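Keep the structure open while reading.

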Amino acid sequence: MRAAPYDPVRTLYRALLVFDVVAIVILAAGLAEFVYFEPPGQSTGLKATIVGIYQYDPATKTTSGPDRRTFARTQQFAAVVDWSSLPQNITVDARWYDTFGAVVGKVGPGSPVQLTDQTTIPVVHAGLKYNLPGQYIFVVDRLENGIPVEVLARRIVLVERS
Amino acid sequence: MSATSAVTAANPRPRGRPSRYGIAIAVAAIVLVVLVASAILDYVYLDTIPGRTSLYGLVAVALVALGTFIGVRALDRDPADRKRHFIRASVLLGLAALLWLLVIDVYVFTGSAGPWVAAICAAVCLPTTAFGLFVMRRLDRNEKEPWRLVLVAAAWGAIVATSMVIWAESLWGTIAERTLVPGPGLDASNAFSAGLLEELAKGAAVLLLFLVMRNEFDDVVDGIVYGAAVGLGFNFLESIAYMTNLYAIFSPEGVGGVAAGFQWYSRQVLGLFFGHATYTALIGAGIGIARQLPNRRQKVIAIASGFLIAIAAHFSWDAWLAFFPIESSALGLAEIHLRTLIMTGPFTAAVIALLMSGLQFEGKALAEQFRKEAAEGAGAILPSEVPILTSPWQRLTQRMHALSKGGLRAYLALARLQTAQLDLAMERWHRERQEIDMPLEAERELRQRVIELRRSVTF
């Protein structure tokens, strides 16, 4: 019985299948990472209250004006949260994310009662004269074992380029 | 049955329409329908800048489709008509590229960065991208792919693929930002979005080339070249987009030029072959291997594997980039290079390994076909030419000799002869491996062409 002639294409095909295994491992690790940080079944139905997003004066640490969805890049702004609407047996924090996904403002973690005197959460860009333009996301998170697992409230604001 | 009808040929082009053309039309139709429908939906429901861009970009996409259609049809025309059709196709592709750049620049960035910044960014990305395309084409040392197809592949990557992903990624990102917890989970989601959508959009172009231009898509080497060309085209426009965007963001801080320059270096120098070129080359490798596999199941697995590996490679970069933080010191410069090498290097090494194996396999197969053709004594390939044709270096030496003896005309005539001889050997190889899906023009037509070209070699 004659052996089938050697075909290098089959070797290339097998190499591709080996790379496939690596690819599946990578994608599975990605999926595991996603599930770890976004665990299913974490919805408690709780809702935090974001009073609004206001212009902010860093000197006096006070907010002013109406609740807004857009700001100029020269304007400082902050979110105001009402922690009283949340139960005391949970751990929460509040964070600002800039357009690159960097945390640019944060209070917590702690129980809602521990955060009652930190209702104003400003955006702070260290080392920059102005805010970077783009979309900013403000979230109030519920934490489990130090990891945010549920968003209790969310606001998105736009910092305009001009 | 006549001798002519018994002979099947992969090159030149078929007279009929093989069944794979139906698949190609279906893929193109799906791409077009998805593109149009999604752009309109995106525009209506999101009304964001990318939404408007994708809608207005449809004109550019239509021009690319028309230009490509005319360009591909031109190959069927008589040589006298062919040039005219190629010029038409080139003009349409050029208009599409300009229009798309205009759309990107005017609607997305120039409001802040200005048209001059966009033009400068495009101007600095052009030489590096051209260099990338030149290198990739040169790597195919046994039988270089025609520039027209390499450029069409790059244009599709730059215009069609980017247009397809803008809407889809906007939609995915908008939904994710409103539903997921910001942080690593959202980052992973965005990485899946980029890996999946961008690789599917880029890979569609390689798949269409494989289906429509089978006679110019021989094996894994060609797949890698076309895939990398699509990736380089995509990287070209993405680089401009990031450069202008970051210039606009950081110019009020006085570091707009630095931010744009850093993007240029990381995408057009450091990441030129490591990023999109590598990812889409992996898709091309899968399709190229499928080209030579005997059964349909294996073909499908090979094509799916190429896509899967590319998606995983792209995903790993986008998702885990943050695990390699870069210090804002001189050490950071070394870290940037190391990060690229560690994260994308293994995938680029895989592409290089497949390319080298493919080149070696192709080279041996062509050498064997040169010898067989010479042994038949038909006059297309002479026994004395076999060692020259087998070696890319000796072919170049012979052409340079022709240049010194007979000038440019002699050089070009010899180049045409060598190309036709390589086509003949490639044709014989595919016929021997039974990789031809339908009877084509007679192989003797190719042989006759070689003999005619030989007469024009004067030195």
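A residue counts as buried if 20 or more other C-beta atoms lie within 10 Å of its own. The model is predicted. By that cut-off, strand E5 of chain A, residues 91-97, is mostly covered. Five of its seven residues are buried.

**Pairing of E5(A) with E8(A)**
- Strand E8 of chain A spans residues 134-144 and runs antiparallel to E5(A).
- Seven bridges join E5(A) and E8(A).
- In this pairing, Thr91(A) stands opposite Leu143(A) of E8(A).

**Pairing of E5(A) with E6(A)**
- Strand E6 of chain A covers residues 103-110.
- E5(A) and E6(A) also pair in the antiparallel sense, over four bridges.
- Val92(A) of this pairing faces a glycine: Gly110(A) in E6(A) stands opposite.
- E5(A) and E6(A) make a hairpin, with five residues between the two strands.
- Gly101(A) lies in the turn and has a positive phi of about 85°.

**Side of chain A that touches chain B**
- Contacts between the chains involve 35 residues of chain A and 37 residues of chain B.
- Helix H1 (8-37), E8 and strand E9 (147-159) of chain A each supply at least two residues of the side that touches chain B.
- H1(A) gives the largest share of that side, 16 residues.
- By residue class, the side of chain A that touches chain B has 24 nonpolar, three polar and eight charged residues.

Methods: Residues are numbered from 1 along each chain as its sequence is written. Chains are lettered from A and ligands numbered from 1 in the order in which they are written. This is a predicted model: local features need pLDDT of at least 70, side-chain atom pairs count only at pLDDT 80 or more; totals for chains, interfaces and linings use all residues. A residue is buried if 20 or more other C-beta atoms lie within 10 Å of its own, exposed if 12 or fewer, and partly exposed in between; C-beta atoms are placed from the backbone. Two strands pair if DSSP finds at least two bridges between them. Two residues are in contact if their C-beta atoms, placed from the backbone, lie within 7 Å. Ala, Val, Leu, Ile, Met, Phe, Trp, Tyr, Cys and Pro count as nonpolar, Asp, Glu, Lys and Arg as charged, and the others, Gly among them, as polar.
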